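Colleague: I would like to learn how to read a structure of this kind, step by step. Could you take me through it?

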Amino acid sequence: RWLPALRRRCDMAGKRLSGTGLAAEGRVLRAVLYVYHSRLLRHRSYLALQQVEQCLKRLWKMNLVGCIDTLAGLIPKKNTSQAHAECLVPSQPMLETVALKVLGGCKLILRLLDCCCKAFLLSVKHLCSEEFILLNTVASGLLSRLWFVIQYRCVLQSLVSLYGTLSTSLHLVSETQQMPYIKGFTFPSDISNFLGVNVSSEVKKQKARMLTTKKNTSWLKKLFPTMPEAVSELGKKRNFATCTSTVKKRNIPCPADIGEPVL
């Protein structure tokens with residue numbers, strides 16, 4: 001009964017982890033860090049971006065997607081119609097390995113979300129101080145997109161659901177045949193106790209912290225000041241007329257081909 005549910009959870013978690021959004025944002029983040037490496041080596045926003053990139057790198061290096069796909073390949077696709085039919089199931093060492101990686105992946109994604117939130121608030125703070133405007137503008141947009149991709153695709157929630165099904169499967173398989181592989185570690189029945197926080201409440205707190213920065217929109221007015229009300233449409237027309245008359249007086253010749261050398 002639990003085999004089809006486990007396969008569905010594995011497929012869902014694998015698709016959400018291997019989406020194009022996370023990979024694309026990771027490439028953009030590495031490019032930004034490469035461009036600003038020599039200029040802002042000890043800047044706080046740059047160091048915060050490095051922490052985000054380190055979490056992403058560790059998440060990819062642990063090969064969580066490949067491990068989940070391997071487990072999904074071991075589950076038989078055809079559902080047995082008989083109540084007491086025998087079928088091959090993943091072994092206890094395989095289930096323990098995947099469960100341990102899922103626990104580590106959840107910890108890493110929680111850390112990644114926290115680093116994204118802190119780096120975003122830091123970049124907005126430096127924007128209010130008018131420091132490194134270009135870097136902090138790019139960083140704030142990049143970090144908000146990365147946080148939104150993880151939250152919108154429910155990456156963390158899918159891993160939590162997968163661990164719940166894995167815990168049930170591990171319990172049933174260990175009762176059938178004891179083959180403990182990971183010793184000295186007790187797999188928690190509730191992943192919230194292992195993570196130390198409630199996933200939904202923690203995400204809501206981070207979202208509230210990031211949305212409160214919308215109140216501090218005075219930095220936008222500082223960076224992009226609005227035009228004074230005294231400038232009317234008539235003034236714009238006059239400026240445009242003087243510009244066109246100046247161009248006509250100069251009689252600047254237009255070259256026939258851009259590629260021709262200018263003597």
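Predicted model: local features only at pLDDT ≥ 70, side-chain atom pairs only at ≥ 80, totals over all residues.

Colleague: What share of the residues of the protein chain counts as buried, and what share of the accessible surface belongs to carbon and sulfur atoms?

Modeller: Of the 263 residues in the protein chain, 37% count as buried. The accessible surface of the chain comes to about 17000 Å², and carbon and sulfur atoms account for 57% of that surface.

Colleague: Now to pairs of helices. At roughly what angle do the axes of helix H5 and helix H7 cross, and what does that say about their directions?

Modeller: The general idea is to look at the angle between the two N-to-C directions, where values over 145 degrees count as roughly antiparallel. Helix H5, residues 92–128, and helix H7, residues 155–176, have axes that come within 9 Å and cross at roughly 155°, so H5 and H7 are roughly antiparallel to each other. The crossing of this pair is left-handed.

Colleague: Which residues meet where H5 and H7 touch, and how do they divide by class?

Modeller: On the H5 side, the residues include Gln92, Val98, Val102, Cys106, Ile109 and Leu113, and on the H7 side they include Val155, Leu159, Tyr163, Leu166, Leu170 and Val173. By class, the contact of H5 with H7 has 18 nonpolar, four polar and one charged residues.

Colleague: H5 also packs against helix H3. At about what angle do H3 and H5 pack?

Modeller: Helix H3, residues 44–61, packs with H5 at an angle of about 160°, and their axes are 9 Å apart. That makes H3 roughly antiparallel to H5, and the crossing of H3 and H5 is left-handed. Among the residues that make the contact are Ala48, Val52, Cys55 and Leu59 of H3, together with Leu108, Ile109, Leu112 and Cys116 of H5. The residues of this contact divide into twelve nonpolar, five polar and four charged.

Colleague: And how should I read the pair of helix H2 and H3, in angle and in direction?

Modeller: Helix H2, residues 20–35, and H3 pack at an angle of about 140°, with their axes 10 Å apart, which makes H2 oblique to H3. Their crossing is left-handed. The contact is made by residues including Leu22, Gly26, Leu29 and Leu33 of H2 and Tyr46, Leu49, Val52 and Trp60 of H3, and it divides into ten nonpolar, two polar and two charged residues.

Colleague: What about Gln92 and Cys67: where are they found, and which residues does each of them touch?

Modeller: Gln92 is found in helix H5 and counts as buried at 5% relative accessibility. With neighbours within four places in sequence left aside, Gln92 is in contact with Leu170, Val173, Ser174, Gln177, Gln178, Met179 and Pro180. Cys67 lies in helix H4 and counts as buried at 10% relative accessibility. Not counting residues up to four places away in sequence, Cys67 touches Met94, Val98 and Lys101. Cys67 and Val98 are 31 residues apart in sequence, and 6.4 Å separates their C-alpha atoms.

Colleague: Finally, what is the phi of Asn63, and where does this residue lie?

Modeller: Asn63 has a positive phi of about 55° although it is not a glycine. Asn63 lies in the loop between H3 and helix H4, and it is partly exposed, with a relative accessible area of 45%.

How values were computed: Residues numbered from 1 in each chain as written. Heavy atoms only, no water. Axes fitted to C-alpha atoms, helices over the stretch in contact; angles between N-to-C directions. Helix = DSSP H or I, 4+ residues; strand = E, 2+ residues; numbered from the N terminus. Parallel < 35°, antiparallel > 145°, perpendicular 65-115°, else oblique. Left-handed = near helix turned anticlockwise from the far one by under 90°. Contact = heavy atoms within 4.5 Å. Nonpolar A, V, L, I, M, F, W, Y, C, P; charged D, E, K, R; others polar. Buried < 20%, exposed > 50% of the residue type's maximum accessible area, 1.4 Å probe, protein only. Areas by Shrake-Rupley, 256 points an atom, 1.4 Å probe, with all protein chains shown as cover.
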